[in-house]
Amino acid sequence: MLSFLIKRLLGTIPVVLMVMIAVFAFVHLLPGDPARLVAGPEATAQDVAAVRTALGLDRPLPQQFLTYVGNTLQGDFGTSLRTRRPVVDEIGMRLMPTVWLTLFAMIWAVALGLLIGVVSAVRRGRWQDYGGMILAVSGISFPPFWLGLLLINLFSVRLGWLPTGGYGTWQHFLMPSFTLGLGVAAVMARFTRSAFIEIAREDYVRTARAKGVPERRVIWRHSLRNALIPIITMVGLQFGFLLGGSIVIEAVFAWPGVGRLLVDSVSYRDYPVIQALVLMFSIQFILINLLVDVLYVLANPEIRYQ
Amino acid sequence: MTDASMSMDEIGKTRKPLAEFWKRFLRQKVALVALAFLVLLIGAAILAPWIAPYDPAAPDYVNVLQGPSAAHWAGTDTYGRDIFSRIIWGARISLTVGFLSVSLGALGGVGLGIVAGYYGGWTDSAVMRLCDLLLAFPGILLAIAVIAILGPGITNVIYAVAIFSIPVFARLARGTTLQLKRAVYVDAARAVGVGDGTIMLRHILPGTLPNVIVYFSMRIGTSILTAAALSFIGLGAQPPSPEWGAMLADGRTYMGVADHLTLFPGLAIFLTVLGFNLLGDGLRDALDPKLRMN
């Protein structure tokens, strides 16, 4: 187990390094002179030169990269061009709203996805199955930003039950997390259904039925437990999707999270913030994948001993 | 003469599975309905200048924010522009973005995947690490990063969305190539002195196509959705473009006053994406009955 963990950890290092190189290269891929971008459009040639020296842009690239890695490791991501405040503070303020949004979305996704998936599998070929799968394929194809608008229209504009957007009470969470979670719920439903059907063919399920275990117990204890392993993997992998999805959902619901910060920063060409956010999102994504692998091995001894 | 008989043999070999594939596909009722809808949509998009009842950009300040009626099937927007006509023109944008971006992604991905699988060794490692890197970013984040470099706009959305299709197609093509390069007919081709390039193009590429086509359909749905999302958040098509996502963003201010502004463009995105996803499901089931969900 330990050797697997070490191997897997070491395996992520090259990927993280490549992501860092890509994010570092990002500024150099921008059209024009990065120093001029930072100095602003009204800056004189002298100002630009000063900025270039201050940012170390006049030094050789490998040295710049090492400085970048060093600064990143120390949590120094530079200053926002828009607010002139440290990028770390800008992101820190908005990190938790996004984390909560993704977590609550995942709760919706798992609850709805498991329910629909299990019901579809158990009532296979009947109307519940067809209904569930129609819901699932619609959920995958439904534009989340449109769903958000429809919900706002119904529950905020017409009924006045929920706030149209913003952050604060539990009412603020209901619509954004549901909107974000629905696409993943659809994926989970399809996945749970096929995992469940797969397991229904296993010997131990047949044995359980043969020895007279009640059907309810066969479903929830013998089948669902074993289906949980692939489902956990799926949950982990879908977290990355939620992270990406939160960018759009935050725009719909005026959510003060990092996703909206990213969109605003792209519009304002606030490159230090973009750079830091892209790095943060991808490192999170890599770590989640790592966690999924570890959980998977913990849950499944067969792989552990291979 | 020899050439002719060889190509006849090849046709004989490939037609049989193709015919079987068609037979199975024609049994997929849902996928057929989806295909019919998409053909209709593509037709409408191509014929937009002739079938759209109004000019999609012409303002009509007498008929502003009108609900659906016989004159304006989907109502009018804040400038009095006919929403139905704008949706037909918008289909041009969405379908073009979908087809072009997935084609670019498939072209790049399949090329990389075949080369990686065929040569193996460090070429394979390099390509697969590149895929790992591209997959290390959630798709829309990668697209936003590309737009941050290239600037907002619908052309750049095509590149941005194409990039995140590359690793998917590369892995798919690599997997098939690894199987096919051990096939007897590839060995035979190599033995008679056929070059690597020709083997990859003529003997391996066709084998990767079935899987690629299934993914192609599914990726178009995802790509159209992503492109619309980018336009919705203001990084894609800019107003007054009749892009569906941009139209939704325009209409959100009038929710509760003029719901049709957000209703019809959203419906257009949903049905189009649903169509491509259902078609993809049907193609997959027809291609490999083992993969079918039940």
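Arg190(B) pairs with Asp187(B) in a salt bridge, with the closest N and O atoms 3.3 Å apart (a salt bridge here is a side-chain nitrogen of Lys or Arg within 4 Å of a carboxyl oxygen of Asp or Glu). This is a predicted model, so local features need pLDDT of at least 70 and side-chain atom pairs count only at pLDDT 80 or more, while totals for chains, interfaces and linings use all residues. Residues are numbered from 1 along each chain as its sequence is written, chains are lettered from A and ligands numbered from 1 in the order in which they are written, and side-chain values use heavy atoms, with hydrogens and water left out.

**Salt bridges within a chain**

- Over all chains, the structure holds 15 salt bridges.
- Arg190(B) and Asp187(B) are separated by about one helical turn because they sit three residues apart in helix H9 (residues 184-191) of chain B (helices are DSSP runs of H or I, at least four residues, and strands are runs of E, at least two, numbered from the N terminus).
- Arg190(B) is partly exposed at 36% relative accessible area, and Asp187(B) is also partly exposed, at 39% (buried means under 20%, exposed over 50%, partly exposed in between, with a 1.4 Å probe and protein chains only).
- In chain A, Arg85(A) bridges to Glu90(A), and their closest N and O atoms are 3.1 Å apart.
- Arg85(A) is partly exposed, with a relative accessible area of 38%, whereas Glu90(A) is buried at 2%.

**A network across the chains**

- Arg190(A), Asp281(B), Arg284(B) and Asp285(B) are tied into a network of salt bridges.
- One link crosses between chains: the side chains of Arg190(A) and Asp281(B) meet in a salt bridge at 3.1 Å, N to O.
- Another link stays in chain B, where Arg284(B) and Asp281(B) bring their closest N and O atoms to 3.7 Å.
- Arg284(B) and Asp281(B) both belong to helix H12 of chain B and are three residues apart, about one turn of the helix.
- Both count as buried: Arg284(B) has 18% relative accessibility and Asp281(B) has 13%.

**The interface of chains A and B**

- On the chain B side, 39 residues are in contact with 44 residues of chain A (contact means heavy atoms within 4.5 Å).
- About 3,700 Å² is buried between the two chains, and carbon and sulfur atoms give 78% of that (buried area is the accessible area, 1.4 Å probe, that two parts lose on being put together, summed over both).
- The rule finds two salt bridges across this interface.
- The elements giving two or more residues to the side of chain B that touches chain A are helices H5 (121-135), H6 (139-150), H10 (196-232) and H12 (260-287) of chain B.
- H12(B) gives the most to that side, with 12 residues.

**Val19(A)**

- Val19(A) is found in helix H1 (residues 2-29) of chain A and is buried, at 0% relative accessible area.
- Leaving aside residues up to four places away in sequence, Val19(A) touches Leu279(A), Ser282(A) and Ile286(A), plus Leu133(B), Ala136(B) and Phe137(B).

**Helix H4 of chain B**

- H4(B) (residues 83-119) has 37 residues and reaches 53 Å from its first C-alpha to its last, close to the 54 Å expected at 1.5 Å a residue (the expected span is 1.5 Å times one less than the number of residues).
- Gly120(B) follows H4(B), and its phi is positive, near 65 degrees.
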